[in-house]
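This report walks through one protein chain, from overall dimensions down to single residues. Please keep the sequence and the 3D view at hand.

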Amino acid sequence: MLVEVAVAAAVRGTFTYRVPPALTPAIALGQRVAVPFGKSRRATGYVVGFPAEAPDGLALRDVTEVLDRLPPFTPKLVELIRWAEEYYLVPPGELLRAALPPGLNARGGAAGPARRGVEYAAPEPGAGDALPSLSRSRAQRSVLEYLLARGRIPVEELRAAFPNGRPALTALARRGLVRLEREAPVARGGLLAASAAPPELTPAQAAALEAIAGASGAFAPFLLHGVTGSGKTEVYLQAIARARAAGRGALVLVPEIALTPQLAGRFRARFGDEVALLHSGLSPAERHAEWQRLRTGEARICVGVRSAIFAPVQDLAIVVVDEEHEGSFKQEDGPAYHARDLAVVRAKLEGAVVVLGSATPSLETLENARRGRYRLLELPSRVDDRPMPEVELVDLSKLRRSGRDVGAGLVSPRLAEALAATVAAGQQAILFLNRRGYETLVVCEACGEEARCTDCAVSLTHHARRGILLCHYCGRTERMGGRCPACGGPRVGVGVGTEQVEEAVRGLLPGARVARLDRDAVGTAEETAALLARFARRELDVLVGTQMVTKGHDFPGVTLVGVVLADTALALPDFRAAERTFQLLAQVAGRAGRGADAGRVIVQTFNPATPAVSCAAGHDYAAFAQGELDRRVRHGYPPFGRLLAARVEGSEAGARRTAEALADAARPALRGEVAMLGPAPAAIERIRGRTRWHLLFRATSAQALFRVHGALARVARRPPGGGAVRFDMDPQSML
Ligand code: ADP
Ligand code: ZN
């Protein structure tokens, strides 16, 4: 017996091995095996095929061991991975390795602990009074704060928010501050608890559900376009309930779990034990256990982040991709696959329904819907017809021209006034700025020299609290000296970051409770969850932060959202800059007015007329999308053309030499069908001391790009200037 094996290493192609008779019974497609490889006696590989005969003239070696009782990959997953290998131009073994939870490297298949029903945690009455006594245990305090804000919740939600929170939870229960209780497993198709009973759908939700349920049993792709708070998640939940009632499985991909633990909780509360969660907050052993529960069919619904696209859900009937426009579905390093696009491929392979949901669909997905490839389902208004928040634009350039003060920390008089009124009314505000630090740039007033990282081609950010200059790419720090190291002149900081906004708000509202949420202010998932919990409990009035504040949070007390500077992402040298800006603004605006009181949004900008800003202010997705599609079609950018990036990293001279060699190899293959942009230094020319060059290929068909790749493969394998070449099909980042 012969097997085709993908070795878990960065080598292209697959290898043929013989299977000794003793191992034959245990061999199956998708099985993990140990094989001799190169000079090493033992490498891990995966069985991806059964060739009838051996390649000519090769002495074959034997598979030495079969590593699992049950193959970790189903035959359909092997097919998916082989498809991805071809399309994304990445080694199959690397994909297989990236697909598996790291815990699976442990020998055998130790199953997770048996579960009996869903475990809930709830704060005991009066537990809030004990908070001050917990000042010495930050973990316990954080967990209790979260529970006080959320009430009785599945422990799973807590685990998503506090990956290492179990000991604290146990300690709180022992102190009598928290109650832990289990509920019996869900009866098939039954309901877990009254609180988890599904609400009656709005007519738009019901129509979407019927379309999805009516198509099930065969491949059918849908775009579910619904404004923030329109009840998309409820449609997913009920569509999955239908699939479960038919005894079938479901896969839900979400961009992030740690920042939005409620979502995991909603699935757990509705489906109990049948849900397996896959995200990076779990320990390897836990991820392994969840993977095994899916593989054995004990769990039938998987909720997970990007890599969960490869989760072994049995008898898959429906795939959901929530916030399908999010860039985090594209893996940027390692094998460069796009989980949203693979979701459609997987649904096709498995004969399943796929639902891509978003308030601001990516233009690729929109265009697929417009061409009739995906069916469009719309939820045009919020549940309960709650109004969309009113958005007001503040033109910062006009303020500046009129000589009036823009305001400290870029908080304009208009925004300052709105903040004061909101806090005075006992309501809450979120301020968003996509820049960390105090000042984003430090320059010498005398010679103009800018503080830059010596290893990366970027300027250093001033973090005033720590008194340092920090490189946001490599983490290198310098003391913030007052003088220019080149000429001794005085240095000034320019460009506002979140730290400065926080300081300005404290200055404007001395009595207000203000906190900051960004990667500098909160180090761990625990601290993030605890801070969000305090905000949810209304112990904070104003939350200032980076895009961490824009995610799917649901804070009914928030009636004001301020965008400090809408323009930060607009100027990036990336054809998706406008689209990303629009999505971010729509997302953050959606945080306002989710409770009983109406919300409003103040967007400060130097570009009030640019469509990304003006359409976001008017909640006009259609107008933005039309204008942007017109622009894309003129330039042949996606969704009207396809892109392949070749990224070179190496020494300064070497990277250039390799990039030029790639260009020389590509030219004869372009044949007037493929446009080559570059070779050129990347927008960020150097990171961690490595020089970066990019080539971008654009064509109307993927086939033409594969042909170019074929012409480049030899150069990429042995880069003449040294360094490394990576290919990125459908690249998301142009930097
Ligand atoms: P989205 O995913 O579009 O942001 P959600 O599904 O989270 O929207 O719904 C927003 C809020 O409205 C949630 O609190 C949800 O529980 C509630 N909700 C959703 N559908 C209904 C409905 N048909 N009736 C009442 N409440 C609903
Ligand atoms: Zn650096």
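Of the 735 residues of the chain, 56% count as buried. The model is predicted. The chain holds 20 helices and 30 strands. A compact globule of 735 residues would have a radius of gyration near 27 Å; the chain has 27 Å, so the two agree. Along its principal axes, the C-alpha trace spans about 80 × 65 × 50 Å. The accessible surface comes to about 30000 Å², and carbon and sulfur atoms hold 51% of that. Among contacts with a separation of 6 or more, 75% link residues 24 or more positions apart.

**The parallel sheet**

Seven strands form an open sheet with parallel pairing, in the order β11-β12-β10-β13-β14-β9-β15. Its edge strands are β11 and β15 (375–379), each pairing on one side only. Direction ignored, neighbouring strands are turned by 15 degrees against each other on average. Strand β9 (residues 220–226) pairs with β15 in the parallel sense over 5 bridges. Across that pair, Phe-222 stands opposite Arg-375 in β15. Helix α6 (residues 203–215) packs on the sheet and touches β9, β13 (316–322), β14 (353–358) and β15. The direction of α6 makes about 155 degrees with that of β15. Helix α7 (residues 232–245) also packs on the sheet. The strands touched by α7 are β9, β10 (249–253), β12, β13, β14 and β15. The direction of α7 makes about 170 degrees with that of β13.

**The antiparallel sheet**

Here 4 strands form an open sheet in the order β28-β29-β27-β30, with antiparallel pairing. The twist averages 20 degrees from one strand to the next. Helix α19 (residues 652–670) packs on the sheet and touches β27, β28, β29 and β30. The direction of α19 makes about 15 degrees with that of β29. Helix α20 (residues 702–717) lies across β27, β29 and β30, and runs at about 170 degrees to β30. Inside the sheet, β27 (residues 642–650) and β29 (residues 690–699) run antiparallel and are joined by 9 bridges. One of the residue pairings there sets Arg-642 against Ala-699 in β29.

**Strand β1**

Strand β1 (residues 2–7) is mostly covered, with 6 of its 6 residues buried. In a regular strand the side chains alternate between the two faces of the sheet. In β1, Leu-2, Glu-4 and Ala-6 point one way, while Val-3, Val-5 and Val-7 point the other way; all are buried.

| Partner strand | Sense and bridges | Bridge partners |
|---|---|---|
| β2 (residues 15–18) | antiparallel, 4 bridges | Leu-2 and Arg-18 |
| β4 (residues 40–49) | antiparallel, 4 bridges | Val-5 and Val-47 |

**Helix α9 and its surroundings**

Helix α9 (residues 284–295) has 12 residues. From first C-alpha to last, α9 reaches 16 Å, close to the 16 Å expected at 1.5 Å a residue. How many of the 12 residues of α9 are buried? The count is 9, so α9 is largely enclosed by the rest of the structure. The buried residues include Arg-287, His-288, Glu-290, Trp-291, Arg-293 and Arg-295. Their cover includes α2 (92–99), α8 (261–271), β11 (275–278) and β12 (301–304). After α9 comes Gly-297, whose phi is positive, near 85 degrees.

His-279 sits in the loop between β11 and α9. Is His-279 buried or exposed? His-279 has 4% relative accessibility, under the 20% cut-off, so His-279 counts as buried. Not counting residues up to four places away in sequence, His-279 touches Ala-160, Ile-257, Arg-287 and Val-305. Arg-287 is itself among the buried residues of α9.

Arg-266 is found in helix α8. With a relative accessible area of 39%, Arg-266 is partly exposed. Leaving aside neighbours within four places in sequence, Arg-266 contacts Thr-233, Glu-234 and Leu-237.

Terms used:
Residues are numbered from 1 along each chain as its sequence is written. Chains are lettered from A and ligands numbered from 1 in the order in which they are written. This is a predicted model: local features need pLDDT of at least 70, side-chain atom pairs count only at pLDDT 80 or more; totals for chains, interfaces and linings use all residues. Side-chain values use heavy atoms; hydrogens and water are left out. Two strands pair if DSSP finds at least two bridges between them. Helices (H or I, at least four residues) and strands (E, at least two) are DSSP runs, numbered from the N terminus. Axes are lines fitted to C-alpha atoms, for helices over the stretch in contact, and angles run from 0 to 180 degrees between N-to-C directions. Contact means heavy atoms within 4.5 Å. The expected span of a helix is 1.5 Å times one less than its number of residues. Buried means under 20% relative accessible area, exposed over 50%, partly exposed in between (1.4 Å probe, protein chains only). The radius of gyration is taken over C-alpha atoms; the globule rule is 2.2 Å times the number of residues to the power 0.38. Accessible areas come from the Shrake-Rupley method with a 1.4 Å probe; for residues, only the protein chains shown count as cover.
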